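Please look first at the sequence and the model shown here, and keep both at hand while reading the report that follows.

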Amino acid sequence: MAITLTERAANHVQGFLAKRGKGMGLRLGVKTTGCSGLAYKLEYADAPNPEDVLFETNGVKVLVDPKSLPYIDGTELDFAREGLNEGFKFKNPNVKDECGCGESFNV
Amino acid sequence: MALLQISEPGESPAPHQRRVAIGIDLGTTNSLVATVRNSIAVVLNDEEGHPLLPSIVRYGADGNVAVGYEAQAQQASDPKNTIVSVKRFMGRGLKDVAHAENSPYDFIDGPNGAGMVQMRTRAGVKSPVEVSGEILRVLRLRAEAALFGSDGGELYGAVITVPAYFDDAQRQATKDAAKLAGLNVMRLLNEPTAAAIAYGLDNAAEGIYAVFDLGGGTFDISILRLTKGVFEVLATGGDSALGGDDFDHRLFCWVLEQARVPPLSDGDTRVMLIKARQVKEDLTLHAEARFNAKLSTGQVVDVMVTQRDFWDMTRHLVAKTLAPAKKALRDAGLTPAEVKGVVMVGGATRMLHVQRAVAELFGQAPLNNLDPDKVVALGAAIQANALAGNRSSEEDWLLLDVIPLSLGIETMGGLVEKIIPRNSTIPVAKAQEFTTFKDGQTAMAVHVVQGERELVSDCRSLARFELRDIPPFAAGAARIRVTFQVDADGLLSVSAKEMTSGIEAAVAVKPSYGLADSDITRMLKDSFEHARDDVHVRALREQQVEGERMLEAVNAALSADGDLLSADERSAIDAELASLKGLVSGRDHRAIKSAIEHINHATENFAARRMDRSVKQALAGKNIANV
């Protein structure tokens with residue numbers, strides 16, 4: 001069981017955290033909304049919840065609640081630039097299909 | 001997938017904002033608007049709590065347009081300018097309007113004596129489309145007030161129901177009316193279908209159902225099959241000029257005979273018709289009712305009507321509903337006993353003798369646990385909600401219509417690349433990118449096929465078209481996006497677009513045309529039975545295509561840059577090519593694959609040298625600053 005970040009993603013996260021001035025890391029999860037079933041949650045984490053599972057790669061701590069974990073286990077978080085837009089990308093091996101815009105997915 | 005940004009804790013945005021959509025039952029007598037709130041379909045009431053909006057529009061002397069109860073209150077005193085049951089005139093010419101001489105309206109023929117009948121009112125000549133537009137506008141405002149309050153907001157769209165019997169002109173008129181009212185029509189939905197949606201979802205019942213819809217002015221009977229939220233219309237029938245109004249009218253005529261009333265003024269006709277409707281409604285609850293009205297001439301009409309009288313005088317009207325019902329059953333190849341339930345729709349189905357006649361025909365008590373006046377609007381709202389894309393994974397969302405067989409295109413080797421898999425709900429659009437097979441290829445044939453099998457020859461051919469004038473690229477460099485789009489009516493349009501040059505070609509077909517259920521079943525069965533063979537065939541064809549492509553590419557490279565090779569190297573490559581050539585038409589896909597790998601290996605150095613040469617050529621004679 002693991003959640004990982006690419007080096008590029010980790011650098012960006014650390015940059016964002018430094019700019020924000022607080023926060024212990026990232027919180028990843030899923031919500032059951034969206035046109036294709038599930039949507040990713042990508043937030044700053046200020047404090048862990050007792051049930052959280054903690055991962056750490058390239059110096060970035062990632063918290064995941066145990067209910068979300070089965071949907072995103074094995075995910076690698078990447079940072080990508082597409083045209084003028086840049087942001088994080090979930091490379092999630094569990095995804096079976098996603099909606100046209102890619103904002104939500106099914107496992 | 002989309003690129004995401006990190007949010008503050010607890011503030012991850014919803015992936016898609018909820019879209020607010022409404023369903024409208026635009027009825028002959030009454031209209032309603034409904035929406036889905038918190039997964040439950042509800043009818044939206046007006047400010048006074050009335051769910052129904054009488055489909056009545058009055059053009060007032062002060063220039064105001066009154067709709068609904070306010071107009072109804074004036075209909076007796078101002079019949080010429082108060083339009084009731086306008087739905088009967090939608091998309092109709094003057095000659096189509098039955099008993100125009102009995103109507104209080106000042107009808108004029110549409111422009112050029114063709115087109116839709118119009119009515120002369122004090123606000124000018126009005127078409128049924130404009131009158132219906134007024135009704136729809138009031139419903140839109142009601143929905144916006146109820147859903148957005150004072151915040152303001154925009155309705156995503158509306159589903160409007162029409163009788164199954166409406167022809168194209170009548171449907172188009174309904175769409176035009178909605179446009180006038182500022183509504184985005186996502187779909188017109190047949191009224192019985194909407195009722196089935198409301199019952200099918202709310203009660204989750206499977207089986208054959210009959211929808212018996214006796215509204216104010218129209219009668220529809222539909223035989224539907226419901227299975228896990230998917231329903232299929234087996235047969236429809238009806239009478240577009242039969243409804244509750246006719247029962248009122250019959251009672252009105254009967255009272256005129258009983259009371260020996262001389263010909264009436266327009267105003268008195270209205271008074272008497274309104275009274276007739278009240279008496280009819282009373283008779284569903286009471287054994288007898290008094291018909292009491294005072295005419296403008298001073299004459300008082302006072303007649304007692306019993307249920308028995310009413311049933312006798314309207315027996316022929318009830319019989320007129322049973323004949324289409326029996327015919328629809330025959331058309332569907334069913335006996336009444338096979339019908340699991342009968343859904344009652346429309347206020348007129350409250351009449352006891354109608355209920356009894358239906359119960360007798362189908363041998364069971366009809367379903368009426370949803371309000372028959374609201375059921376169509378509720379179904380329309382559920383559909384509107386689904387079309388607007390508001391559904392969560394928890395809800396069993398409604399499969400309204402699905403593609404019975406996969407749709408795809410032919411690729412090299414006679415293989416089928418499925419683009420839209422079967423059982424996809426429509427409307428649906430999917431795109432996939434393809435490329436060219438040969439160097440300098442400037443045209444591509446797009447062959448649209450339908451079926452589950454892997455080979456084109458085992459599927460059904462739907463259409464062919466060619467994309468021409470593709471810029472001559474190396475094989476595999478052109479990017480051709482093929483888009484499949486199936487609209488709500490099941491019409492498939494396929495377009496192919498070369499992405500760098502923007503050239504495009506398209507075709508439209510009706511995939512389900514001429515395809516019977518038995519054909520679909522057979523095609524599906526074949527695909528299951530041949531699943532294993534098909535896997536092998538696909539693997540083989542893929543390797544054959546790859547092998548041919550490889551032969552093509554290596555031969556092209558050899559003729560261009562063969563001088564880069566020593567004689568030994570050349571003969572080694574030639575030997576591999578000969579071996580692949582011998583295998584490629586064979587049946588062993590593994591052997592072809594390994595031969596391809598051998599060539600790949602044998603040509604590695606050759607490819608590297610070619611690359612060097614082309615780089616050198618590209619750079620030769622150029623200044624470093626220009627590179």
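## Terms and numbering

A residue is called buried if 20 or more other C-beta atoms lie within 10 Å of its own, exposed if 12 or fewer do, and partly exposed in between, with C-beta atoms placed from the backbone. This is a predicted model, in which local features need pLDDT of at least 70 and side-chain atom pairs count only at pLDDT 80 or more, while totals for chains, interfaces and linings use all residues. Residues are numbered from 1 along each chain as its sequence is written, and chains are lettered from A and ligands numbered from 1 in the order in which they are written.

## A helix of chain A

Helix α1 of chain A covers residues 7–20, helices being DSSP runs of H or I with at least four residues, numbered from the N terminus. On its buried side lie A9(A), A10(A), H12(A) and V13(A). Because these buried residues fall within an arc of 165 degrees seen down the axis of α1(A), they line one face of the helix, the arc being that of the directions from the helix axis to the C-beta atoms.

The face of α1(A) turned away from that side carries the exposed residues E7(A), G15(A), A18(A) and K19(A). After α1(A) comes G21(A), whose phi is positive, near 90 degrees.

## The nonpolar cores

A nonpolar core is a set of buried Ala, Val, Leu, Ile, Met, Phe, Trp, Tyr and Cys residues joined through C-beta atoms within 7 Å. The largest has 109 residues, and A158(B), F212(B) and V343(B) have the most contacts inside it. Helix α10 of chain B (residues 375–387) gives the most to this core, with 10 residues.

Conventions
Helix = DSSP H or I, 4+ residues; strand = E, 2+ residues; numbered from the N terminus. Expected span 1.5 Å × (residues − 1).
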